[in-house]
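Welcome, and please open your viewer. We will take the tour one selection at a time.

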Amino acid sequence: MTDPAALRARLADVRDRIARAAGRARRDPATIRLVAISKTFSADDVRAVADCGQIDFGENKLQEALEKMDRTADLPIRWHLVGHLQSNKARKAGARFDVVHSVEQAAIAARLDEGASGVGRAIEMMAQVDLAGEPSKHGASADQLPALFHSASSLRAARFVGLMLLPPAMPDPEQARPYFRAIRTLRDELVTRGVDQSMLGDFSMGMSHDFEVAVEEGATLIRVGTAIFGRRPVSPVI
């Protein structure tokens, strides 16, 4: 387990940096939700960060997340799935997660809806957007998004609440700024194409190396792992 004092210090630093970035953009820091990405870290690490008042935690892999959920079931945690989701695991994810950031196909949304409705709960979804056309990255293209959102109109327990962006990896955070700005323009274009604005309220963007730029450009959810938990273990520790 990571030293709890170190976790507290890093979490406090991230929160302070969020507040300062929000101030530069004349935004209310309370409108920005910090998602602590706990992948490869233990349930005890999650518990230590939750003890500091952190509510939102994110995981990349379903099985690792489910085990941590079971071990922290007594805590008021809101779980986010931020990694790529295979269709054969979507129903199970829908039954357990609160938010899935990586929805890129109507079939995935439908299976998440089945999983959530089957246990009588609701789930929020983010449409993952591919703005750079990187072969190694997942996400729907801008042209595919209207149909994806339209397909969700018949869902019962799952609803889209915004867009998720993973820009190309670049050493200078400023290089990500054009992508963060572009997703806001894309949101406006989707509204003009008839997408319900209630499906587009959130922007999930920004990670440990560029979250301050993302906050300045309108992020409402930022996904921060290393800056809170430190360097990741070589293999998952549940």
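In which loop does Thr40 lie? Select Thr40 and follow the chain both ways: this residue sits in the loop between E1 and helix H2 (43-50). Keep in mind as you look around that this is a predicted model.

**Stop 1: two residues with positive phi**

Stay with Thr40 for a moment. Its phi is near 75 degrees, which is a positive value in a residue other than glycine. Thr40 counts as buried because its relative accessibility is 15%, and the cut-off for buried is under 20%.

Now select Arg26. You will find Arg26 in the loop between H1 and strand E1 (33-37). Arg26 also has a positive phi in a residue other than glycine, here near 55 degrees. Is Arg26 buried or exposed? With a relative accessibility of 81%, Arg26 counts as exposed.

**Stop 2: salt bridges**

Side chains of opposite charge can pair when their charged atoms come close. How many salt bridges does the structure hold? There are 21 salt bridges in the structure, and we will visit a few.

Select Arg20 and Asp16. These two residues form a salt bridge, with their closest N and O atoms 2.9 Å apart. Both belong to helix H1 (residues 4-24), and they are four residues apart, about one turn of the helix. Arg20 is partly exposed at 43% relative accessibility, and Asp16 is partly exposed at 39%.

Next, select Asp56 and Arg78. Their side chains meet in a salt bridge of 3.4 Å, N to O. This pair links distant parts of the chain, as Asp56 is in strand E2 (residues 56-59) and Arg78 is in strand E3 (residues 78-81), 22 residues apart. Asp56 is buried, with a relative accessible area of 7%, whereas Arg78 is partly exposed at 23%.

Move on to Arg96 and Asp70, whose side chains meet in a salt bridge of 3.0 Å, N to O. Arg96 lies in helix H4 (residues 90-96) and Asp70 in helix H3 (residues 62-71), so this pair ties together parts that are 26 residues apart in sequence. Arg96 is partly exposed, with a relative accessible area of 32%, while Asp70 is exposed at 51%.

To finish this stop, select Arg24, Glu174, Arg177, Arg181, Arg184, Glu216 and Glu217 together. Salt bridges that share partners join these residues into one network.

**Stop 3: nonpolar cores**

In soluble globular proteins, nonpolar side chains tend to be buried together. Which residues have the most contacts inside the largest nonpolar core? Select Phe97, Leu112, Leu145, Phe149, Phe160 and Leu163 to see them; the core has 69 residues. Helix H1 gives the most to this core, with six residues.

Zoom in on Phe97. Setting aside residues up to four places away in sequence, Phe97 touches Leu62, Ala65, Met69, Trp79, His80, Leu81, Arg121 and Ile123. Then look for a second, separate core of eight residues, which includes Ile37, Val161, Met164 and Leu221.

**Stop 4: pockets**

Select Lys39, Asn60, Val82, Leu166 and Met207. Among the 20 residues that line the largest pocket, these lie nearest its centre. The volume of the largest pocket is about 400 Å³. What classes of residue make up its lining? Five are nonpolar, 11 are polar and four are charged.

The second largest pocket has a volume of about 180 Å³. To show its lining, select Asn60, Lys61, Leu62, Gln63, Glu64, Leu81, His84, Leu85, Gln86 and Lys89. H3 supplies the largest share of that lining, three residues. By class, the lining of the second largest pocket has three nonpolar, four polar and three charged residues.

**Stop 5: a cavity**

How many cavities of 30 Å³ or more does a search of the whole structure find? The search finds one. The largest cavity has a volume of about 60 Å³. Select Val129, Asp130, Leu131, Lys137 and Leu166, which are the closest to its centre of the 13 residues that line it. The lining of the largest cavity divides into eight nonpolar, two polar and three charged residues.

Key
Residues are numbered from 1 along each chain as its sequence is written. This is a predicted model: local features need pLDDT of at least 70, side-chain atom pairs count only at pLDDT 80 or more; totals for chains, interfaces and linings use all residues. Side-chain values use heavy atoms; hydrogens and water are left out. A salt bridge is a side-chain nitrogen of Lys or Arg within 4 Å of a carboxyl oxygen of Asp or Glu. Helices (H or I, at least four residues) and strands (E, at least two) are DSSP runs, numbered from the N terminus. Buried means under 20% relative accessible area, exposed over 50%, partly exposed in between (1.4 Å probe, protein chains only). A nonpolar core is a set of buried Ala, Val, Leu, Ile, Met, Phe, Trp, Tyr and Cys residues joined through side-chain atoms within 4.5 Å. Contact means heavy atoms within 4.5 Å. On a 1 Å grid over the protein atoms alone, a cavity is a set of points where a 1.4 Å probe fits but cannot get out, and a pocket is an open set with protein on both sides within 12 Å along at least five of seven lines; lining residues have an atom within 4 Å of a point. Grid points are joined across faces, edges and corners, and a volume is the space filled by probe spheres set on the points. Ala, Val, Leu, Ile, Met, Phe, Trp, Tyr, Cys and Pro count as nonpolar, Asp, Glu, Lys and Arg as charged, and the others, Gly among them, as polar.
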